[in-house]
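Let's take a walk through this structure together. Have a look at it first, and then we'll go from a single pair of residues out to the whole chain.

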Amino acid sequence: MAFEYAPAPESRSIVDLQSSYGLFIDGAFVDTTDGRSFKSVSPATEEVLAEITEAGPGDVDRAVKAARRAHTRVWGPMSGAERAKYLYRIARILQERARELAVLESLDNGKPIKESRDVDVPLVAAYFFYYAGWADKLGYAGFGPNPKSLGVAGQVIPWNFPLLMLAWKIAPALACGNTVVLKPAETTSLTALAFAEICQQADLPPGVVNIVTGAGDTGRALVEHDDVDKVAFTGSTEVGKAIARAVAGTDKKVTLELGGKAANIVFDDAPIDQAIEGIVNGIFFNQGHVCCAGSRLLVQESVADEVLDRLKRRMATLRVGDPLDKNTDVGAINSAEQLAKIRALSEVGEAEGAERWSAPCELPERGFWFPPTIFTGVSQAHRIAREEIFGPVLSVLTFRTPAEAVEKANNTPFGLSAGVWTDKGSRILWMANQLRAGVVWANTFNRFDPTSPFGGYKESGYGREGGRHGLEAYLNA
Ligand code: NAD
């Protein structure tokens with residue numbers, strides 16, 4: 001039984017929600033000229049949070065023109081040291097408004113406040129601080145003595161880490177002297193709009209950052225706009241492929257950060273208690289809405305029973321519920337649509353013969369919820385072992401030898417991340433060399449740092465974000 005905790009809700013009074021939001025173009029919030037509006041709801045309660053603008057092609061064009069003007073006249077010619085001052089200022093304001101941003105993110109996305117407060121928002125500030133530091137040192141980054149910005153970046157991001165993905169996109173772009181038009185995901189626009197206010201607060205020159213809200217059509221209008229020099233996309237492999245086709249034959253530079261189906265590999269000499277925490281963090285962090293989630297557990301056969309037994313006991317202690325409660329471990333599924341996808345693929349898992357087990361927990365009546373779930377008896381051919389579920393669902397497979405673990409781990413169309421749990425340093429290095437994944441974590445999982453590049457192999461995309469490597473995507477080097 002889970003230990004009983006009294007509710008400890010974080011107050012939402014720090015957030016000043018408006019009933020409706022315009023688009024952020026050329027330094028000001030403006031009305032749409034050819035778009036519409038839609039409602040953004042809280043996934044935990046289905047309460048309408050605000051009316052959001054769905055930008056039309058004319059709005060996107062205005063935003064790209066504003067970004068072009070700002071690049072030509074102000075931001076492009078500005079010295080790196082001057083640009084850095086703005087980025088440091090933004091980073092400091094992000095820290096000052098951290099609590100407000102964490103509450104807003106949890107309200108809009110459904111993720112637990114302890115994650116938005118302790119992971120998302122601190123990392124957002126850290127990425128701005130990190131790239132602010134590069135702005136006046138680009139000549140020493142290994143891309144020639146005087147690398148130039150590309151121009152206008154069109155950036156499209158998903159809903160799982162709304163503000164963090166914004167930071168991964170905007171901080172390096174601005175540090176390198178580019179201006180941006182960013183489109184947040186349709187279910188999570190609010191922190192991007194709060195970021196627009198922060199740009200105003202930091203006196204960022206108008207047009208350097210533009211935020212156009214909307215859904216797929218707005219994203220398409222942005223990435224296909226003729227005057228965009230660089231496209232940066234994070235989202236599903238399907239949309240990533242469509243974007244790659246749309247920009248083929250143009251001069252646009254592209255980076256794509258797409259889906260994943262990571263193997264989290266536990267050897268029999270692993271520190272089992274830590275490995276259990278790593279498995280839980282790997283798949284239940286952010287409700288499993290994580291591109292690099294450890295959604296395939298590969299456990300060595302000799303310890304499989306023990307690991308599963310302990311994992312189930314640990315899962316039974318996870319608290320699922322109100323994202324704003326500081327005790328909550330697993331929050332709400334981001335949308336009704338995503339919940340339907342998770343349910344459908346889980347039913348396929350059962351139909352294919354895998355055994356399903358969910359942690360006993362009471363789910364709230366309103367809102368979108370799915371209990372932490374594992375499937376055992378999974379074979380490599382099962383769809384739940386091959387397709388991204390993007391929810392709190394773990395597929396468990398076993399192996400006998402390191403070679404078999406590598407073969408199974410690499411048997412996927414994706415290649416974003418992997419985890420290795422073992423006592424032996426030499427085995428970690430050997431495995432890291434064999435695994436076809438952009439990030440390999442050893443005796444840990446889901447660790448992020450602005451100095452560390454992140455990106456995929458195969459259908460997980462191309463290009464790297466973060467670290468010195470992340471600069472390359474925004475420089476004419
Ligand atoms: P999605 O591809 O449906 O949407 C992502 C974004 O693209 C949204 O802003 C959406 O409005 C926009 N979009 C949709 N159609 C478009 C089009 N034709 N042209 C341009 N933009 C378009 O994905 P999602 O459901 O929002 O996010 C989940 C996916 O994102 C998962 O597959 C996950 O693995 C992936 N993801 C990857 C990373 C990474 O760094 N590799 C990080 C987070 C999420």
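Which residue in E7 is the bridge partner of Gly 154? The partner is Val 181. Keep in mind that what you're looking at is a predicted model, so that pairing comes out of predicted coordinates.

Let's stay with the strand E6 for a moment, which covers residues 152-156. Five bridges tie E6 to strand E7 (residues 179-183), and the two run parallel. E6 also has strand E9 (residues 230-234) as a parallel partner, joined by four bridges; there, Ala 153 stands opposite Lys 230. To get from E6 to E7, look for helix H5 (residues 162-175): E6, H5 and E7 make a right-handed β-α-β unit.

So is E6 buried or exposed? Five of its five residues are buried, so E6 is largely enclosed by the rest of the structure. You can check this face by face: Val 152, Gly 154 and Val 156 are buried on one side, and Ala 153 and Gln 155 are buried on the other.

Next, the nonpolar cores. The largest has 89 residues, and the members touching the most others are Leu 87, Phe 128, Tyr 131 and Ala 167. Pick out Phe 128: leaving aside residues up to four places away in sequence, Phe 128 touches Leu 87, Ile 90, Ala 91, Leu 94, Ala 167 and Ala 171. Apart from this core lies another, of 62 residues, with Val 320, Ala 385, Ile 389 and Val 439 among them.

Finally, zoom out. The chain holds 15 helices and 19 strands, and its C-alpha trace spans about 65 × 50 × 35 Å along the principal axes. A compact globule of 477 residues would have a radius of gyration near 23 Å, and the chain's 22 Å agrees with that. Of the 477 residues, 54% count as buried. Among contacts between residues at least 6 apart in sequence, 73% join residues at least 24 apart.

Definitions and conventions. Residues numbered from 1 in each chain as written. Predicted model: local features only at pLDDT ≥ 70, side-chain atom pairs only at ≥ 80, totals over all residues. Rg over C-alpha atoms; globule rule 2.2 N^0.38 Å. Buried ≥ 20, exposed ≤ 12 C-beta atoms within 10 Å, placed from the backbone. Contact = placed C-beta atoms within 7 Å. Core = buried A, V, L, I, M, F, W, Y, C linked by C-beta atoms within 7 Å. Pairing = 2+ DSSP bridges. Right-handed = clockwise from strand over helix to strand, strands pointing away.
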